[in-house]
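Please read them with the structure open beside you.

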Amino acid sequence: MTYDAPIISSPDTYVNTPDSHIRITNFPDSAPGVTPIQIVTLNRPDKLNAITSDMIYALITFFTAIDVDNRVKIVILTGAGRAFSAGIDLTMDTSKTKDLLPPSEMRDPGGTLALAMFDCSKPIIVAYNGLAVGIGMTSTLAATIRIAPQHAEFGFPFSRIGLTMESCSSYFLPRMVGYSNATYLLATGKRYPAHSTTLHGIFAELLPEPEDVMPRAIELAQDILENVSTMAVHLNRQLIWRNPGTAEGAHLVDSPLMYDMFGGKDHLEFKASFFGKRQPAFKDVLSTNAPRTYPWWKKLSVRRTARAPTRLDNKM
């Protein structure tokens with residue numbers, strides 16, 4: 001029996017109500033329908049955007065949907081108010097979650113969110129407007145680009161609250177900051193300003209003030225939208241994260257991809273625009289224009305075994 005991927009319906013718009021805890025808007029916000037740039041805002045400013053289960057699942061649903069929606073080209077993720085996110089909402093009672101499933105079937109929702117962002121074929125820019133800790137930091141390590149105010153504080157407080165890493169951060173964090181810095185961040189559990197050398201490797205750009213971050217994120221998004229093949233962005237990003245681990249293995253993976261891309265529509269469009277002295281109009285999408293060897297990796301399934309629902313399923 002073969003598995004057929006689920007069919008995901010694309011809505012007329014992703015825009016929702018202003019009081020939504022995950023607020024989705026078009027850019028520009030007055031535009032109807034679905035704009036190429038979508039802005040997603042963690043929207044509990046009175047709680048410093050502490051993240052609930054419902055917020056996690058709303059984000060998973062959104063990133064899963066826009067992955068296959070060719071109208072969307074790029075996403076900006078930010079927060080409302082003075083913080084990006086204070087982490088998980090500690091008022092939730094998670095003490096019984098260990099009884100929900102056997103260990104082999106457990107899937108951390110933050111990890112599912114990180115994987116939805118990691119697998120998303122559209123570039124995701126995280127525009128931290130202020131403090132981010134815990135899941136507010138770890139889940140965003142799977143994004144494409146991260147920019148932040150230079151004096152905003154960031155942290156991985158797990159050792160200070162008696163928890164372990166989540167949201168696949170044990171994979172992403174040491175590869176970004178190095179193993180020594182990662183273990184230091186986790187051993188101290190403290191918050192550090194974005195400009196700290198301990199966090200070097202997480203942020204692509206640091207801005208002087210929080211109010212500088214969103215305009216810069218929009219500027220980056222518009223530049224990518226107008227000048228970049230988003231399919232090439234996704235492929236190059238996956239080449240970095242899903243490389244075979246040796247120079248020879250990389251050569252074997254890189255070569256057929258590059259040869260297919262030489263004959264791809266986006267590269268031919270670039271050449272035509274270059275010699276024609278005009279702006280390129282990149283249109284390749286993974287669903288119809290992916291290179292023949294994509295995906296080149298064997299994806300580890302995190303799908304759980306089918307089972308009947310239990311009374312504990314409604315406790316989270």
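1. Val133 stands opposite Gly155 in E8. The two strands here are E6 (residues 131–133) and E8 (residues 153–155), and they pair in the parallel sense over two bridges. Strands pair if DSSP finds at least two bridges between them. Strands themselves are DSSP runs of E with at least two residues, helices are runs of H or I with at least four, and both are numbered from the N terminus.

2. A word on the source: this is a predicted model, in which local features need pLDDT of at least 70 and side-chain atom pairs count only at pLDDT 80 or more, while totals for chains, interfaces and linings use all residues. Residues are numbered from 1 along each chain as its sequence is written, and side-chain values use heavy atoms, with hydrogens and water left out.

3. E6 and E8 belong to an open sheet of four strands, in the order E4-E6-E8-E9, with mixed pairing. At its edges are strand E4 (83–85) and strand E9 (191–193), each of which pairs on one side only.

4. Elsewhere, strand E2 (residues 37–42) runs antiparallel to E1, and six bridges join them. Within this pair, Thr25 stands opposite Ile39 in E2. Strand E1 (residues 22–27) is mostly covered, as five of its six residues are buried. Buried means under 20% relative accessible area, exposed means over 50%, and partly exposed is in between (1.4 Å probe, protein chains only).

5. The largest nonpolar core has 51 residues, and Phe63, Tyr128, Met137, Phe154, Phe156, Ile202 and Phe203 have the most contacts inside it. Helix H1 (residues 53–67) gives the most to this core, with eight residues. Apart from it lies another core, of 15 residues, including Ile39, Ile74, Ile125 and Leu220. Such a core is a set of buried Ala, Val, Leu, Ile, Met, Phe, Trp, Tyr and Cys residues joined through side-chain atoms within 4.5 Å.

6. What does Phe156 touch, leaving aside its neighbours within four places in sequence? Its contacts (heavy atoms within 4.5 Å) include Met137, Leu141, Leu173, Gly189, Lys190 and Ile202.

7. How many disulfides does the structure hold? It holds zero; the cut-off is a pair of cysteine sulfur atoms within 2.5 Å. Cys120 is in no disulfide, because its nearest cysteine sulfur, that of Cys168, is 15 Å away, too far for a bond. Cys120 is buried, with a relative accessible area of 1%, whereas Cys168 is partly exposed, at 26%.
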